[in-house]
Amino acid sequence: MKVLIVYGSTTGNTAGIAEALGARMGNAGLDVTVLNAADATAEGLCNGYDAALFGCSAWGTDEVEMQDDFNTLFENFDAIGVDGKKAACFASGDSSFEHFCGAVDVIENRLSGLGAVIMEEGLKVEGDYDGSRDDVDGWCDRIIADLQA
Ligand SMILES: Cc1cc2nc3c(=O)[nH]c(=O)nc-3n(C[C@H](O)[C@H](O)[C@H](O)COP(=O)(O)O)c2cc1C
């Protein structure tokens with residue numbers, strides 16, 4: 001089972017969650033690749049993977065603005081080849097903003113439109129991984145169970 005984790009992160013919070021998810025999945029025996037959106041190309045991104053997780057923080061105020069690197073990838077999201085594949089989204093955010101982890105909902109909707117199978121409701125984390133370890137680890141374990149079902 002090959003899993004791709006792609007994240008966009010400006011201050012490192014979503015990156016830290018992505019690395020924690022990748023490590024936990026690796027320990028569970030999954031073959032995981034963790035990729036910064038800044039180093040990713042949309043064309044055929046999911047080729048060769050059974051499942052993909054997408055992480056992206058939000059930076060808008062009145063409306064959702066995706067993290068810059070992920071936004072570049074998102075402009076050509078049609079080309080990632082996610083049709084029929086298992087997928088899920090996650091993010092770090094700040095609940096004092098109107099759209100807490102708003103990028104999660106935007107990406108999830110787009111993935112559904114592209115034919116992906118959403119495994120779990122998106123993971124929305126307040127702050128960094130260290131402050132929400134139990135939530136992140138629990139979500140990760142549900143994803144692992146979904147992948148191994
Ligand atoms: C101008 C600005 C706008 C933001 N907008 C949102 C938002 O809409 N929703 C949210 O949950 N967090 C918002 N945040 C908080 C960041 O997304 C949050 O700090 C997050 O942990 C950053 O994750 P990253 O380090 O992975 O980029 C905003 C922060 C700033 C400075």
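A salt bridge is a side-chain nitrogen of Lys or Arg within 4 Å of a carboxyl oxygen of Asp or Glu. The views below show a predicted model, in which local features need pLDDT of at least 70 and side-chain atom pairs count only at pLDDT 80 or more, while totals for chains, interfaces and linings use all residues. Residues are numbered from 1 along each chain as its sequence is written, and side-chain values use heavy atoms, leaving out hydrogens and water.

**View 1. Glu 120 and Arg 142 form a salt bridge.** Their closest N and O atoms are 3.5 Å apart. The pair links distant parts of the chain, 22 residues apart. Glu 120 sits in the loop between strand S5 (117-118) and S6. Arg 142 belongs to helix H4 (residues 133-148). Helices (H or I, at least four residues) and strands (E, at least two) are DSSP runs, numbered from the N terminus. Glu 120 is buried, at 18% relative accessibility. Arg 142 is partly exposed, at 43%. Here buried means under 20% relative accessible area, exposed over 50%, and partly exposed in between (1.4 Å probe, protein chains only).

**View 2. Asp 105 and Lys 124 meet in a salt bridge.** The N to O distance is 2.9 Å. Asp 105 lies in helix H3 and Lys 124 in strand S6 (residues 123-126), 19 residues apart. Asp 105 is partly exposed, with a relative accessible area of 34%. Lys 124 is partly exposed, also with 34%.

**View 3. Arg 110 pairs with Asp 78 in a salt bridge.** The closest N and O atoms are 2.8 Å apart. Arg 110 is in helix H3 (residues 102-113). Asp 78 is in the loop between helix H2 (68-74) and strand S4 (86-93). The two residues are 32 apart, so the pair links distant parts of the chain. Arg 110 is partly exposed, at 26%. Asp 78 is exposed, at 56%. The structure holds six salt bridges.

**View 4. Helix H4 has a buried side.** H4 has 16 residues. From first C-alpha to last it reaches 22 Å, close to the 22 Å expected at 1.5 Å a residue. That expected span is 1.5 Å times one less than the number of residues. The buried residues of H4 are Val 136, Asp 137, Trp 139, Cys 140, Ile 143, Ile 144 and Leu 147. Seen down the axis, they fall within an arc of 160°, so they line one face of the helix. The arc is that of the directions from the helix axis to the C-beta atoms. The face turned away from the buried side carries the exposed residues Asp 134 and Asp 135. Cover for the buried residues includes strand S1 (2-8), helix H1 (13-27), strand S3 (51-56), S4 and S6.

**View 5. Cys 101 has a positive phi.** The angle is about 50°, although Cys 101 is not a glycine. Most residues other than glycine have a negative phi. Cys 101 is found in the loop between S4 and H3. At 3% relative accessibility, Cys 101 is buried.

Key. Contact = heavy atoms within 4.5 Å.
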